[in-house]
Amino acid sequence: MGGSKTVQKLVKSTRTKVRKWLQYLALFLGLIVLYVILLMAGQAIPRRLVLDNVQKSYLQLEKQGLYYEGIPGASWDNWTDSYFMNSAVTEYDGTLLQKAIANAYTTYSELDESGSANTIDDVKYALEQDSDAIVKPYSRYWVGMLTIYKILLLVMPINGIRTLMFVVAAALFLVSAV
């Protein structure tokens with residue numbers, strides 16, 4: 001009789017573990033679905049709504065160059081920011097899901113996957129929708145950040161985004177220090 005209770009406990013324990021793993025799997029798959037939905041939401045923002053702030057941002061990036069060092073030892077990564085600006089205004093043919101996954105950008109360079117040597121110039125080509133420029137997909141790890149950038153570009157240019165990011169980082173630092 002004692003062996004029967006041990007088996008029952010083992011079966012119950014195994015069911016609990018399987019149930020827990022199924023919950024983790026459901027959570028994982030749910031997060032992937034949420035991520036894809038957010039990517040599609042970012043791509044659903046019309047180009048015209050972010051165009052003004054991207055143009056303002058482009059003028060600042062052009063003035064600063066790729067790696068602006070306003071304070072010695074601290075620089076802005078304008079290469080990455082210009083890539084986001086470029087992708088935010090690049091028109092790409094396809095369904096909303098295809099656009100979200102493609103994360104397309106505009107360039108003149110066929111050879112280099114990262115675009116031309118100066119991505120700030122590529123922002124200009126994307127803004128102008130230059131017919132000689134090439135629209136290329138670039139599905140990499142930072143595709144999710146574009147959704148956040150496009151949402152922020154609805155209300156502010158790059159200066160505002162940088163200020164907001166600084167405030168958020170400082171607040172998180174202060175909260176973690178307490």
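Author: **A close look at helix α7**

In this predicted model, helix α7 runs over residues 158-177, and its 20 residues reach 28 Å from the first C-alpha to the last, which is close to the 28 Å expected at 1.5 Å a residue. The residues of α7 that count as buried are Ile-158, Ile-161 and Arg-162. Seen down the axis of α7, these buried residues fall within an arc of 95 degrees, so they line one face of the helix. The background to this is that an α-helix has 3.6 residues a turn, so residues three or four places apart point the same way. On the other side of α7, Leu-174 and Val-175 are exposed.

Helix α6, made of residues 143-153, holds Ile-148, and Ile-148 is partly exposed, with a relative accessible area of 42%. The C-alpha atom of Ile-148 is separated by 7.4 Å from that of Gly-42, although the two residues are 106 residues apart along the chain.

The other place is Asn-103, which sits in the loop between α4 (96-102) and β3 (105-107). Asn-103 is not a glycine, and yet its phi is positive, at about 50 degrees. With a relative accessibility of 1%, Asn-103 counts as buried, since the cut-off for that word is under 20% relative accessible area.

Notes:
Residues are numbered from 1 along each chain as its sequence is written. This is a predicted model: local features need pLDDT of at least 70, side-chain atom pairs count only at pLDDT 80 or more; totals for chains, interfaces and linings use all residues. Side-chain values use heavy atoms; hydrogens and water are left out. Helices (H or I, at least four residues) and strands (E, at least two) are DSSP runs, numbered from the N terminus. The expected span of a helix is 1.5 Å times one less than its number of residues. Buried means under 20% relative accessible area, exposed over 50%, partly exposed in between (1.4 Å probe, protein chains only). The arc is that of the directions from the helix axis to the C-beta atoms.
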